[in-house]
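This briefing goes through one protein model by topic, beginning with a single residue and its surroundings and moving on to cores, domains and a helix.

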Amino acid sequence: MANTDKNKRYKKPKPYRVSASKKVNKEKAPFRIIPLGGLKEIGKNCTLIECNDEILIIDCGLAFPEYEMFGIDIVIPDFTYIRDNMEKIKGLIITHGHEDHIGGVPYLLQEVNVPVYASPLAMGMIDHKLEENYLTCDRHVIKAGSKFRIGSFRIEAIQTNHSIADSLAYSIKFPGGHVVHTGDFKIDYSPLDGKVIDLNRLSQLGDEGVDVLLCDSTNVMRKGYTPSEAVVRESIDEIFDNTESRIIIATFASNVHRIKYFIESSMKHNRRIAVSGRSMENVIALSRSLGYMDDLPESVFIDISQIRNVADRNLTIITTGSQGEPMSALTRMAYDNHKSVKLKKNDVVVFSSSPIPGNEKVVSQVVNKLYEKKVEVVLASTMDVHVSGHASSEELKLIHTLIRPRFFMPVHGEYRHLIEHAKLSSRLGQPKNRIFVLGNGDALEVDNRKAQIAKEFTSGEDVMVDGYGIGDVGSVVLKDRKTLSQSGLITVSVALDSVTGALMAEPILNTKGFVYVDEHQDLLREALNIVYNTIGKARSQGKFDEAALNRAIRSDMKTFIYRKTKRNPVIIPAILYV
Ligand SMILES: [Zn+2]
Ligand SMILES: [Zn+2]
């Protein structure tokens, strides 16, 4: 019962318009999340958020080709949607400096001039790529805790842990709602740089309300917790304490903190450091210039060509090649092709890495070569010299529990990882109809009431890049390369009278990688007859223009060769009009 008279004496509190503010929330703009890469694969991560004619891009990575892609250097996301919506693109934010998150940036910048936001290390790596490609961009260096605006997107960078320094998660608020993207992460309570993932902030964001969580799925199939980087530190200490010979350590060049620890351990043990491999030299130089390695005295480093002047027990070599890459420094050492390093008995070679799926075979070839040299090999499988940079299932559960999103979309994983991550979320109580497993090129469409997948919203195809250019190597070329490698090549050279179409000389057949010519003279003679027939036929029909004749020779030869040999070589007619 309100006593109005009495109440009048008090200052009336400003009306707290619960219903009105809720109403505002209810009219949030619809938005889309469009993954262009990184789903049903590990590699070329690239995700778009689109709301009210504005698009924000999160990461732009590359993938390394699958085995069947002959001669292709790298694979990047399909930028068709970006190209078609150029005027909407507001900015690119980078979670961290791994290739599967930044490797596509130069290719993106060739299409659209977009401002780039990244941590100092990631930006340094991007700068290097841009320089190589004679590109520049509007660059913004940010740090964990930075809050900034890109168009209507209000963005906050949040500290996480990963196998590279300065990995960030992002909170992205915009008229459509609130999206949290974890980036690649793990939960490390004792990381080498002391910067623990900001669980506190993630929890607050969860309290504020998150519409969609995009979360790393790489290690969802691993039980328990990913060990801390501190575990590696202990193993490295043990190796340094017990070794009197040279220590050669191979790791990922981007794992800056670990490399720093190798250097510090070496200094503690009176060892000087030689660096081998271009990417390792670049990253160490970059990290030092950006202050990631404190002030290391120049005198601890020694040029790889000068290592003969240092006693074995005073030398550490830090090298590339932890993945068995054919031209890498460690592989060259293993095969006796390194200019400055000749491996010898008792050298200790440490693989501070584990093979990325697909690389197991080449890595074990290098390891076997090292055994032949009687060097001591330390692998992650025999000693804790490597830990993963991705969260295992218990860590993922913590993030889900802190964020409690309205909708969940697993990212950064092969199909099985995405499905297992969806199951994990469902076991934690997320309703199944609020979990969305997408593929590249699909879109998650979100509004106030619901979210739904628009299948094949845009092209999510692989775009292949080789030495010649971007995307000009279509499936036809790949097929040719595959055919060449399996069935070889036949060229048919023909000289014709340009007026009458008559043969001016006997056609010439050449083969490469197809059959042993000596054993197959009959076959080649018959093939030659086919060429005569084809040309005769074409001439009688008056169709001896180059394109038509080319097609006819290819088609007739193909049919004949396949009938005789059950093989399908590449056939290249060369027609000369005289
Ligand atoms: Zn990563
Ligand atoms: Zn990644």
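Leaving aside its neighbours within four places in sequence, Y170 is in contact with I58, I93, T95, I155, E156, A157, I158 and H181, where contact is taken as C-beta atoms, placed from the backbone, within 7 Å. The model is predicted, and local features need pLDDT of at least 70, side-chain atom pairs count only at pLDDT 80 or more, and totals for chains, interfaces and linings use all residues. Residues are numbered from 1 along each chain as its sequence is written, while chains are lettered from A and ligands numbered from 1 in the order in which they are written.

**Nonpolar cores**

- Y170 also belongs to the largest nonpolar core, of 127 residues, in which I49, L56, I57, Y170, V212 and M409 touch the most other members; such a core is a set of buried Ala, Val, Leu, Ile, Met, Phe, Trp, Tyr and Cys residues joined through C-beta atoms within 7 Å.
- This core draws at least three residues from each of domain 1 (33-224 + 389-465) and domain 2 (230-378).
- A second, separate core holds 18 residues, among them V494, L549, M557 and I561.

**Domains**

- The protein is divided into domain 1 (33-224 + 389-465), domain 2 (230-378) and domain 3 (474-577), with bounds that come from an automatic or database domain assignment.
- The centres of domain 2 and domain 3, taken over C-alpha atoms, are 53 Å apart.

**G206**

- G206 is found in helix α7 (residues 199-208), helices being DSSP runs (H or I, at least four residues) and strands likewise (E, at least two), numbered from the N terminus.
- G206 counts as partly exposed because it has 18 C-beta neighbours inside 10 Å; a residue is buried with 20 or more other C-beta atoms within 10 Å of its own, exposed with 12 or fewer, and partly exposed in between, the C-beta atoms being placed from the backbone.
- Although G206 and R404 are 198 residues apart in sequence, their C-alpha atoms are 5.9 Å apart in space.

**Helix α16**

- Helix α16 (residues 521-540) has 20 residues and reaches 29 Å from its first C-alpha to its last, close to the 28 Å expected at 1.5 Å a residue, the expected span being 1.5 Å times one less than the number of residues.
- In α16, A527, V531, T534, I535 and A538 are buried.
- These residues cover an arc of only 95° around the axis, which puts them on the same side of α16.
- On the other side of α16, Q521, D522, R525, N529, K537 and S540 are exposed.
- The buried residues of α16 pack against β23 (489-496), β24 (508-512) and α17 (546-565).

Notes:
Contact = placed C-beta atoms within 7 Å. Arc of directions from axis to C-beta.
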